[in-house]
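Welcome! Here is a short briefing to read alongside the sequence and the 3D view.

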Amino acid sequence: MLECNTCKGRYAPLLPDGTRYFHACPPLTRVAVTRADEPIVVDLSAVLPTDRVTVLRAGVLVTVPVVALQAGDERQGDIQVERPDKRDENIVNRPDDRRHGQPKLEGTGTREI
Amino acid sequence: MPADATFHELPLETRLALRLRGDRAVFLTGDDNLQLSSWNSLTGVGVTIAGRVLGLDGHSRPFVHTATPNTDRTIASIVRKLGEGWLTEFTVFVSAAAPILGQTFVRVQIVRGLEAATQVLATLGAGYITAVQPLAWPGCAVARSIEGPGALRSITGTNPAAGVDIAETVPTGAVWRLLSFFARFVADATVMSRQPVLSFDDGTSDYFRTDTPQNQTASQTNDWVAAPGMERLTLFVNSRSWGTPTDVRFRGGHRILITTGSIQAGDNWGAPQLWVEEWLEGAA
């Protein structure tokens, strides 16, 4: 089993049916927040309890602190972005490309677990 | 068959052998060679081509060549000299490991040259092979690698870290038809509704998207499933389903994604399980 150093996803490089598995990092979720009265977009893991987010609450858009979220709230403004150090083990299959036969993106590598 | 003038100069044994084989034999000059190309997704596979060449002296010369296909679905080719004479038959079969139909595809051609810059003169056969289902010439077809039934595969994807959604990428050189999809989602205790959305993209742009049939609440564990033609609904207390279009084919680089609205840093998707029909694209 391997762990991707970039996304921390875990996978078996060889599947039980004898075929190889080519891992590719999933996108990263970024959240729209208001911090110190400034609208910014931060990684999900960097959201602070004091940040304010806009949610759909009972059909109405309201902006509330993260610590005041309620059951049923639906956060608005999330975006998905590719990781800057994304790993994609799928190979380049273009004979005219100098990277032909190599992984598309090395990312930050993997470690055995 | 050679022209009559040439034909009558051949030894009697050769003429008799050629008469018996009719027009099926292919004449090879000493410069014509045999090229065996393969595409394969399984590890440990060996492919063997065996056949016979009828020499100008009337004697039949058997040949056997073995190749090791790549395991990443890219093309691997060997070129072998057969000498002057008539190629009368060959068979290509799996000689190591046990791929199922859809995992090992071969193509046999006559080429000029032995190195990379070969010139193809004829394509004699192409198709999927297994240990018991060879490609046999004469008589075989030049099949395309994305026709007929593909290999049925159960694939365990990447188990994402907490707070990370699912994205499974179709491998380079593969074509998938999604038969079913399963993933378990554990929401942490943060109060908010989560809205998992299933989408397909070409690596960049969405071409299919379906929203959540029902939100998932805090501290809840649900199984999320999708299958072609399935209704978008809540199946049971802890199971939700998305419907997907029927017979959607994914090319290499396309992705099957789950994007969870209101996802929390402590939420956790398990490794997805996919049941797909797979073909080898055979491109490049």
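Strands, as named below, are DSSP runs of E with at least two residues, numbered from the N terminus. This is a predicted model, in which local features need pLDDT of at least 70 and side-chain atom pairs count only at pLDDT 80 or more, while totals for chains, interfaces and linings use all residues. Residues are numbered from 1 along each chain as its sequence is written, chains are lettered from A in the order in which they are written, and side-chain values use heavy atoms, with hydrogens and water left out.

**Where the two chains meet**

- Contact (heavy atoms within 4.5 Å) between the chains takes 37 residues from chain A and 41 residues from chain B.
- Together, chain A and chain B bury about 3,100 Å², with 51% of it on carbon and sulfur atoms; buried area is the accessible area (1.4 Å probe) that two parts lose on being put together, summed over both.
- On the chain A side, A:Arg20, A:Arg75 and A:Asn93 supply 16% of the area buried against chain B, more than any other three residues.
- The interface holds two salt bridges, each a side-chain nitrogen of Lys or Arg within 4 Å of a carboxyl oxygen of Asp or Glu.
- A salt bridge links the side chains of A:Glu82 and B:Arg255 (2.8 Å, N to O).
- Strand S2 (10-11), strand S7 (74-75) and strand S9 (88-91) of chain A are the elements that give two or more residues to the side touching chain B.

**A buried aspartate in chain B**

- B:Asp201 sits in strand S13 (residues 195-201) of chain B.
- B:Asp201 counts as buried because its relative accessibility is 2%; buried means under 20% relative accessible area, exposed over 50%, and partly exposed in between (1.4 Å probe, protein chains only).
- Leaving aside neighbours within four places in sequence, B:Asp201 is in contact with B:Asp206, B:Tyr207, B:His254, B:Arg255 and B:Leu257.

**Backbone features to look for**

- Most residues other than glycine have a negative phi, and most peptide bonds are trans.
- A:Ala36, although not a glycine, has a positive phi of about 55°.
- A:Ala36 lies in the loop between strand S3 (28-35) and strand S4 (38-43) of chain A, and counts as exposed at 71% relative accessibility.
- B:Asp247 also has a positive phi of about 55°, and is found in the loop between strand S17 (239-244) and strand S18 (249-251) of chain B.
- At 42% relative accessibility, B:Asp247 is classed as partly exposed.
- B:Trp137 and B:Pro138 are joined by a cis peptide bond, with omega about 5°.

How values were computed. Helix = DSSP H or I, 4+ residues; strand = E, 2+ residues; numbered from the N terminus.
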